[in-house]
Amino acid sequence: MSLKSSNKIETNVYELEISISAEDFNAAVLKTYNKNKGKISVPGWRKGKAPKHLIETIYGKDVFYDDALEMLYPGVVDAAIAEAGITAVDSPHDVDVKEIGENGVEITMKVTVKPEITVTEYKGLEGCKHPVEVADSEVDAEIERLRKRGGTVTTVEDRAALDGDTAVIDFEGFVDGVAFEGGKGENHDLVLGSGQFIPGFEEQIVGHNTGDEFDVNVTFPEDYSPELAGQDAVFKVKLNEIKATVLPELDDEFAKDVSEEAETLDELKNNIKTDMQKSRQEHSDADFENEVLMKLAENVEGEIPQCMFDKKASENMDNFARRLKSQGIADVDMYLMYMGIEKEQFEEDMMAQAVQQIKVRLALEKVATTESIEIADEDLAAEYDRLVGAYGVSADSVKSFFAEETVRGDLLCEKAIKVILEHATVCEHKHDEDSENDAEA
């Protein structure tokens, strides 16, 4: 097998002329014969016993050619592309088998290659960072959430229902004195103040005691179901039970119960604040990085093959569909229907995302080359160790799934991102000040 010629015929497209020697092709034909002879019927011969030349005489000299070429094709193409020193970004197209037979095979094909791009600027790109602040009230809210999670529910008999209680009610709704469908329930748990029912309903239960029977007067919202929208209604309600959540005392014992790291309530509050600050800092850094990389994509110049965008968009849609399926949503069409999103708009968004991703990747590879970034063997080994830990599989499995070229390329891009961010310009986000100005206006 050999590459006879490699010629650039248009931007990002090469034409390759490949030959397969007679020896290699005839060996593949023989393998194909041995693999398929048991399936071929020849009069007077048991299956699998007819000689090769007899089968070729009956079915044609080229009876095994297609399968033999299919056997050799992937290896031949990969070897030719490597010998040509090009990087293919799609499967070969316009494949033409010009000659095939005992004397070997001659093939021409066109290959779309990775484009040569330029990055006009990658240092001094600007991005904004949001201030990372955690108010004491936010820490207190998280403490209350932890208290509620550890609370115990008890039946209340010595007082009226309060906001936050769970009221166990029977109810039936009427419009103009007539009961309507779906307006009746028994022993329904309703958290007062949760907003689960029609506006005004829950507020009218507050203040009533267990055993009380009373009317609740409401007006259905205008955006409710057509048959009830805007209508006045009366609900006959009976309060069967009041349940309250008793929260644990806010002390050091509570802190020990909800956290393995905290011994005191003050330590718990400090830990919560630190964790919230860390999380927000990570989000702020990620937003900053994304903004800078979007600016980087704008600085990419060069003709990028459409097939790269198409392939990435398809990959993104497949990944999106898998995520939906893991969440119990059968397919993308069902998701789009629920969300009220047109499929055409969804596909346009996926394509726009793919264009950005491809441009950023190409730009990062260019920066890595410009900055002479290299990946040491120990860095590669460390990344494989990380992947083994992340996926919980053997090193051999990881290496079979993540090709060294791919892993090395990802590490190069990560180092390129560090270079870009080190030279980026940070502008402080002024959303609070802007909001005040907007409010004054």
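Contact here means heavy atoms within 4.5 Å, and the helices and strands named below are DSSP runs numbered from the N terminus (H or I, at least four residues, for helices; E, at least two, for strands). This is a predicted model, in which local features need pLDDT of at least 70, side-chain atom pairs count only at pLDDT 80 or more, and totals for chains, interfaces and linings use all residues. Residues are numbered from 1 along each chain as its sequence is written, and side-chain values use heavy atoms, with hydrogens and water left out.

**Confidence**

Let's start with pLDDT, the predictor's confidence in each residue, from 0 to 100. The chain has a mean pLDDT of 92, with 97% of its residues at 70 or more. Take care with residues 431–441, where pLDDT stays under 50 and the model has one contact beyond four places in sequence.

Two packed helices are described by the angle between their axes and the distance between the axes. Axes are lines fitted to C-alpha atoms, for helices over the stretch in contact, and angles run from 0 to 180 degrees between N-to-C directions.

Helix α10 (residues 377–391) packs on helix α12 (residues 404–422) at about 105 degrees, and their axes are 10 Å apart. α10 is therefore roughly perpendicular to α12, a label used for angles of 65 to 115 degrees. On the α10 side you will find D377, D379, L380, E383, Y384 and L387, which meet E404, V407, R408, L411 and K415 of α12. Sorted by class, this contact has five nonpolar, no polar and six charged residues. Here Ala, Val, Leu, Ile, Met, Phe, Trp, Tyr, Cys and Pro count as nonpolar, Asp, Glu, Lys and Arg as charged, and the others, Gly among them, as polar.

The axes of α6 and α12 come within 11 Å and cross at roughly 95 degrees. That makes α6 roughly perpendicular to α12 as well. F288, E289, V292, L293 and L296 of α6 make this contact with I417, I420 and L421 of α12. Its classes are seven nonpolar, no polar and one charged.

Which residues of α12 are buried? They are V407, G409, L411, C413, A416, I417, V419 and I420, where buried means under 20% relative accessible area, exposed over 50% and partly exposed in between (1.4 Å probe, protein chains only). These buried residues pack against α6 (265–298), α9 (343–370) and α10. In α6, the buried residues include L265, L268, I272 and S284.

Both helices can be checked for length, the expected span being 1.5 Å times one less than the number of residues. α12, with 19 residues, reaches 27 Å from its first C-alpha to its last, close to the 27 Å expected. The 34 residues of α6 should span 50 Å, and its end C-alpha atoms are 50 Å apart, which agrees.

| Residue | Relative accessible area | State |
|---|---|---|
| I329 | 19% | buried |
| E383 | 13% | buried |
| N103 | 67% | exposed |

I329 sits in the loop between α7 (306–326) and α8 (332–339). Leaving aside neighbours within four places in sequence, I329 is in contact with L324, M334 and Y335.

N103 is found in the loop between β3 (93–101) and β4 (104–112). N103 and A22 are 81 residues apart in sequence, yet 4.6 Å apart in space, C-alpha to C-alpha.

Note on methods
Parallel < 35°, antiparallel > 145°, perpendicular 65-115°, else oblique.
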